[in-house]
Amino acid sequence: MTKPSAAGFTLIEMLVSLALFALVMLMVSSAYLIIIAANRQAQAVASATNNLAFALETMTREIRTGGGYNCGSSTGGDCPSPKPSFYFTDAGDNYVSYGLVSTGSGTHGLAECVSQSDFCAPATLLTDSSVNITALQFSVQGTRTYSGSGDIIQPQVLMTLSGTVSAGAQKTVPFTVETGATMRGTDL
């Protein structure tokens, strides 16, 4: 008569399978945590980028519907070499200026100031604290009337920004954005 075989696992087999399971779970959970951290970082960058895009779109819309462009030069009008600030008159005949303001702890944001006169204070911050702008430049062309030929060029404003956006704890992502705006109304 044959002796029935003992069905089941030995203690060694159970320990080896538990160790393998624990190792696989450790790798899976660490990969999951890395994915969660990368997702948070991507969401922070997307939020800051959306904020910056909204600020630039607001500026562009105001510039397109305004006039009397000036980059702070004493003669007004064109400034082909880039300047750090920009002034103009909006559609409601308000004086508008754009430039950088300090937001504290060495960071800078994009600010807008709207007033009835050429003195404008306080400025309204257009960018979130997660956006640090290190350089802002405006170039304007097409505002001057050329002698003998009339005004043949529509005014154009070129804006260039660079800086960093916060990507979570102590991480930043650099950016450089260049955009332009052309006056909508005729400049005759």
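## Strand pairing and burial in a predicted model

Phenylalanine 88 has valine 96 in E4 as its bridge partner. That bridge belongs to the pairing of strand E3 (residues 86-89) with strand E4 (residues 95-104). The two run antiparallel and share four bridges. Two strands count as paired if DSSP finds at least two bridges between them. Strands (E, at least two residues) and helices (H or I, at least four) are DSSP runs, numbered from the N terminus.

The model is predicted: local features need pLDDT of at least 70, side-chain atom pairs count only at pLDDT 80 or more, and totals for chains, interfaces and linings use all residues. Residues are numbered from 1 along each chain as its sequence is written, and side-chain values use heavy atoms, with hydrogens and water left out.

**The sheet.** Five strands make an open sheet. Their order is E1-E3-E4-E5-E6, with antiparallel pairing. Strand E1 (67-70) and strand E6 (124-125) are the edges, each pairing on one side only. Helix H1 (residues 11-65) packs on this sheet and touches E1, E3, E4 and E5. The direction of H1 makes about 160 degrees with that of E4. Such angles run from 0 to 180 degrees between N-to-C directions, with axes fitted to C-alpha atoms, for helices over the stretch in contact. Contact here means heavy atoms within 4.5 Å.

Nine bridges join E4 to E5, and the two run antiparallel. In one of these pairs, leucine 100 has leucine 110 in E5 as its partner. E4 and E5 form a hairpin, with two residues between them. Serine 105 lies in the turn and has a positive phi of about 50 degrees. Alanine 111 has leucine 125 in E6 as its bridge partner.

E5 is largely enclosed by the rest of the structure, because seven of its nine residues are buried. Buried means under 20% relative accessible area, exposed over 50%, and partly exposed in between (1.4 Å probe, protein chains only).

| Residue | Relative accessibility | Class |
|---|---|---|
| Serine 115 | 15% | buried |
| Threonine 124 | 48% | partly exposed |
| Methionine 27 | 52% | exposed |

Serine 115 sits in strand E5 (residues 107-115). Beyond its neighbours within four places in sequence, serine 115 contacts Asn94, Tyr95 and Cys120.

Threonine 124 is in strand E6. Leaving out residues up to four places away in sequence, threonine 124 touches Leu110, Ala111 and Glu112. Valine 101 lies 23 residues from threonine 124 in sequence and 9.3 Å from it in space, C-alpha to C-alpha.

Methionine 27 is in helix H1. With Leu23, Val24, Leu26 and Val28, Met27 makes a nonpolar surface patch of about 480 Å². Patch residues have over 30% relative accessible area and no salt bridge; nonpolar side chains are joined within 5 Å, like charges within 9 Å. A salt bridge is a Lys or Arg side-chain nitrogen within 4 Å of an Asp or Glu carboxyl oxygen.

**The whole chain.** The secondary structure comes to one helix and nine strands. Of the 188 residues, 31% count as buried. Among contacts between residues at least 6 apart in sequence, 52% join residues at least 24 apart. The chain exposes about 11900 Å², and carbon and sulfur atoms supply 60% of that area. Areas come from the Shrake-Rupley method with a 1.4 Å probe; for residues, only the protein chains shown count as cover.
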